[in-house]
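Please open the model in a viewer and keep the sequence panel at hand.

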Amino acid sequence: MNQILTIFIIGFIALIGNWIGYKVPIMESLPGILILAVITLIGMGFTRILPFKSPVIVWISLFAMLATSPFFPGNEYTAAAIAKINLLALATPILAYAGLSLGKDVHLFKQLSWRIVVVSLVVFSGTFLFATLFAEIVFKIQGKFY
């Protein structure tokens, strides 16, 4: 029940952020937020009934792709409703929640010592560099940004 409440609180904050920051009326972005919340809840529920452990993000992503795929009924409406939600309006409350939940485990974070900083910097740098390289290759193939 706490997870359901958290999802709807994040959705509400995203609605307000989308309205204030990106001037999208609340009633216009409400269907997209509700669709995202339902897809998230379906993915979370599916993870619970599986006989094996798997990351919930895999199932949420899969159900989101199915809901917007060409053969799914109502895919155009779903894609149009979700497109009205700005990514930053949605990411801000999610990242705030992640930061708050990390705050309760500060003592565990301290036990990781300085090595975690080095590992994090290497991972972030590698991710950025390879994402940039991948983008450059795709842009060259598409003929953009000569």
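Which element of the protein chain has the lowest mean pLDDT, and which the highest? Colour this predicted model by pLDDT. Helix 6, residues 106-111, has the lowest mean value among the elements, 73, whereas helix 2 has the highest, 93. Over the protein chain as a whole the average pLDDT is 87, and 98% of the residues score at least 70. Where pLDDT is low, the predicted coordinates should not be read in detail.

Select lysine 23, which is located in the loop between helix 1 (2-22) and helix 2. Lysine 23 is not a glycine, yet its phi is positive, at about 60°. Is this residue buried or exposed? Lysine 23 counts as exposed because its relative accessibility is 65%, and the cut-off for that class is over 50%.

**Second stop: along helix 2**

Next, select leucine 30, a residue of helix 2. Its relative accessible area is 26%, so leucine 30 is partly exposed. Leucine 30 and tryptophan 59 are separated by 29 residues in sequence, and their C-alpha atoms by 23 Å in space.

Threonine 47 counts as buried because its relative accessibility is 17%, and buried means under 20%. A polar atom of the threonine 47 side chain lies 2.8 Å from the backbone oxygen of glycine 43. Which residues does threonine 47 contact, apart from neighbours within four places in sequence? They are Ser54, Val56 and Trp59.

Move to serine 69, in the loop between helix 3 (56-68) and helix 4 (75-83). Serine 69 has a relative accessibility of 11% and therefore counts as buried. Show the backbone of leucine 66 as well: the side chain of serine 69 reaches the backbone oxygen of leucine 66 at 2.8 Å.

Two packed helices are described by the angle between their axes and the distance between the axes. Select helix 2 (residues 26-49) together with helix 4; the two pack at an angle of about 110°, and their axes are 7 Å apart. Helix 2 is therefore roughly perpendicular to helix 4. To view the contact itself, show Pro31, Gly32, Ile35 and Leu36 on helix 2, and Tyr77, Thr78, Ala81 and Ile82 on helix 4. What classes of residue make up this contact of helix 2 with helix 4? There are 6 nonpolar and 2 polar residues, and no charged ones.

Conventions. Residues are numbered from 1 along each chain as its sequence is written. This is a predicted model: local features need pLDDT of at least 70, side-chain atom pairs count only at pLDDT 80 or more; totals for chains, interfaces and linings use all residues. Side-chain values use heavy atoms; hydrogens and water are left out. Helices (H or I, at least four residues) and strands (E, at least two) are DSSP runs, numbered from the N terminus. Buried means under 20% relative accessible area, exposed over 50%, partly exposed in between (1.4 Å probe, protein chains only). A polar contact is a pair of N or O atoms within 3.5 Å; within protein, one must be able to donate a hydrogen and the other to accept it, and residues adjacent in sequence count only if both atoms are side-chain atoms. Axes are lines fitted to C-alpha atoms, for helices over the stretch in contact, and angles run from 0 to 180 degrees between N-to-C directions. Angles under 35 degrees count as roughly parallel, over 145 as roughly antiparallel, 65 to 115 as roughly perpendicular and the rest as oblique. Contact means heavy atoms within 4.5 Å. Ala, Val, Leu, Ile, Met, Phe, Trp, Tyr, Cys and Pro count as nonpolar, Asp, Glu, Lys and Arg as charged, and the others, Gly among them, as polar. pLDDT is the predictor's confidence in each residue, from 0 to 100.
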